[in-house]
Structure formats: structure tokens, C-alpha cells
Amino acid sequence: MKKVSGWIKNISIALMAGLTLSACNISRVPDVSQPVAELRYQSTAGLVNLPELAQDLGYLDNIKLSYVGTVQGGPQDLLTLVAGDVDFASAFNGAVVKVIAADLDVVPVVASYGCDHKQSAGFYVLEDSPIRTAKDFIGKKVAMNTFGAHHDFVLRDWLEQNGLTPKEISEVEFIMLPPITSEQALRNGQIDVAVLTSITEQRALQNGGVRKIFADVDMYGEFTAGSYSMRKDFVEQHPEVTKSFVEGVAKAHHWLQTTPIEEVRARFERIIEARGRNENLALIPYFKGYGVNTTGGVQKAEDFAPWIRFMEKDQKLKPGQLNAQTIFSNRFNPYAQNTVQGL
């Protein structure tokens, strides 16, 4: 196996155990000969993801979603996918690139989230904080949802672009905190910088007393940031189930992109109340979208190329080791008729 970055190494033993487990659990893979195929997945409490929305809208045909637990971030979701314990996973495309570079058997099949001027990742400090420049981050604590994913990549890139050396970047302390608690941790002085996105950002701004240093959308403009991935062997063995899943998610994207936000929020509230997971609705009034601007979540090489270049520059990938044009698949997306198909 090729050399991989820290977050994969740290759980390699568990991952190998999971790979063995996946071979034993083949009976749990949806059987397309049955009228209903079951797809296992993880999601975030208090929110509705795109497959859940697609199911509620009636877009998933013969697919039944089976919730197995709360996701702990994109890298964890991907590794659970590789282990065979879920059938699709959403993750930042930089994390997807890492997994593919490690020769793990996944393929991104449809976009899951993006960044625009309504939905982005902002790095916030308290209003009276002395932190204003990249140099000021040295020795400070920055909280993010997980390591080796979107916020981690973006912060390292921003620090490097603003003149910090690798040694100085290593002196910035990355802290993992659930997004729902980051604002309070910032206000309590437990951390110096909090990453706030969409819902958590809107709530913090409403509460006041915080100041944005920068956001990912300021660096890159609007972009698709993450994708739903599936295992390649699953896609090959169950193309009709994969097709139904991708088409359903793509249609859910289109519904979100063309439906008034008040109607979206009302539907999300109904879905959350009906699924009975003991959740509250506190986050829904702040929801503005998933930030994907391509129709139906169609993927592009540009969704992956920046993270491949970043890893090449960081010597985590050899030049030319991965081709951004071929690591994704638009094969099953009905909105991708006149676009590059990827794999």
C-alpha cells in the first residue's frame, strides 16, 4: 500500500479489521433481485442530508435507507465505507483524494456539498481578539470538526499562502470539536479560532461579538467541496441500485436549487420529526442550502484538482499519480449528459 497521511495511518489496524469484516458481511449488501434494496449510511443529528431528502421526495425508487449512526466527519465516513459498514459516504474531496491515493476502493459518484456566499467555512475569532493575520495563528488553538478534511486543508493552504513556513504551521494547534459546540468554546476562551459554517455561522453572527478572519469561498470562489462516494466493487456489482441512488440525489439537488427556502425548511422539520431520533429543530431556521451550484450535483475535474496539487506540493502524492479527470464518475447522473463523465 502506498504511503498515506497521518489520519489514515493512525487507524490502519482498525481499517484492516474493517476490510476483513466487509468480506464477511457481503450478505448485507443490497440485492438488486429484491424489490427493495437497503443502503446503510451515517448522518448528522438535527439536519437532513440529500439522500434522506431524496427518499422523502420519492426519488429513490426501490431503495430503502438504513440509518446506522451519527457521522464523525468525512474521513471517518469514508473509512466506514471502505470497511463495508455503510454503502455510501459524504466527505470533503481532499479526503476522497487521500483515500484514492491510498489505493482504497472508492469512487465519488455525485456532489454532496459545496461553498458559495450562502454556505461556506469561515474562520472566526472574538471581536476583540488580537488575531488578524496568519502570523497571529502561531501558538493558537483552532477548532474544527475533524482532522484531515475540509477545514484542515483550507487552513493549511491559507497559512502557507500567507507566508507561514511548515515549521510555523506546525505550531498552530488544531483542536477537534463538534461544530455545534465550537461557538460556545470560542466565547468561553477555550479556543482562539472557531470554524463556523452555514448554520453555525448564521447563529454566531446573530449572537454577535465575533469577527471573521477569512473563509474558504474568499480563497477559491464558489466550488463543489465534497462528494458522495461508493465502493467500486459495489457499483460494479449493483449498477441499477447505484443508478437509482445517484439519480435520486441528483434530483434532490435540483429540488433544493429550485424550491423556496421556507418550503425546504418546513420539509426538513417534517422529516426530522417523523424519523424519531430524539433530535431538536434548532438548526433548521439557519439552513440556507448545501452550496452546490452545478445542476444536479454533477462533478468536475476542478472539484478534485486543487487538492491533488496541494498533496503533490506537500509531497504526499507523486506528480501525475492521480488524474483529476478520471477519479470521479458522472456515469449515473442524468444531468451530466454533456459533461466529462470521469470513470
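Contact here means heavy atoms within 4.5 Å. The model is predicted: local features need pLDDT of at least 70, side-chain atom pairs count only at pLDDT 80 or more, and totals for chains, interfaces and linings use all residues. Residues are numbered from 1 along each chain as its sequence is written, and side-chain values use heavy atoms, without hydrogens and water.

Beyond its neighbours within four places in sequence, Phe 245 is in contact with Leu 39, Pro 51, Leu 60, Ile 63, Phe 88, Val 109, Tyr 228 and Met 230. Phe 245 is among the residues with the most contacts inside the largest nonpolar core, which has 38 residues. Such a core is a set of buried Ala, Val, Leu, Ile, Met, Phe, Trp, Tyr and Cys residues joined through side-chain atoms within 4.5 Å; buried means under 20% relative accessible area (1.4 Å probe, protein chains only). Elements giving two or more residues to this core include strand E1 (37-43), helix H3 (50-56) and helix H12 (239-258). Helices (H or I, at least four residues) and strands (E, at least two) are DSSP runs, numbered from the N terminus. H12 gives the most, with seven residues. Another core, of 33 residues, lies apart from this one; Ile 100, Ala 102, Cys 115 and Ile 327 are among its members.

Five strands form an open sheet of mixed pairing, in the order E7-E6-E8-E5-E9. Two strands pair if DSSP finds at least two bridges between them. Strands E7 (173-176) and E9 (210-215) are the edges, each pairing on one side only. Four bridges join strand E6 (141-144) to E7, and the two run parallel. Ala 143 stands opposite Ile 175 in E7.

Definitions and conventions: Buried < 20%, exposed > 50% of the residue type's maximum accessible area, 1.4 Å probe, protein only.
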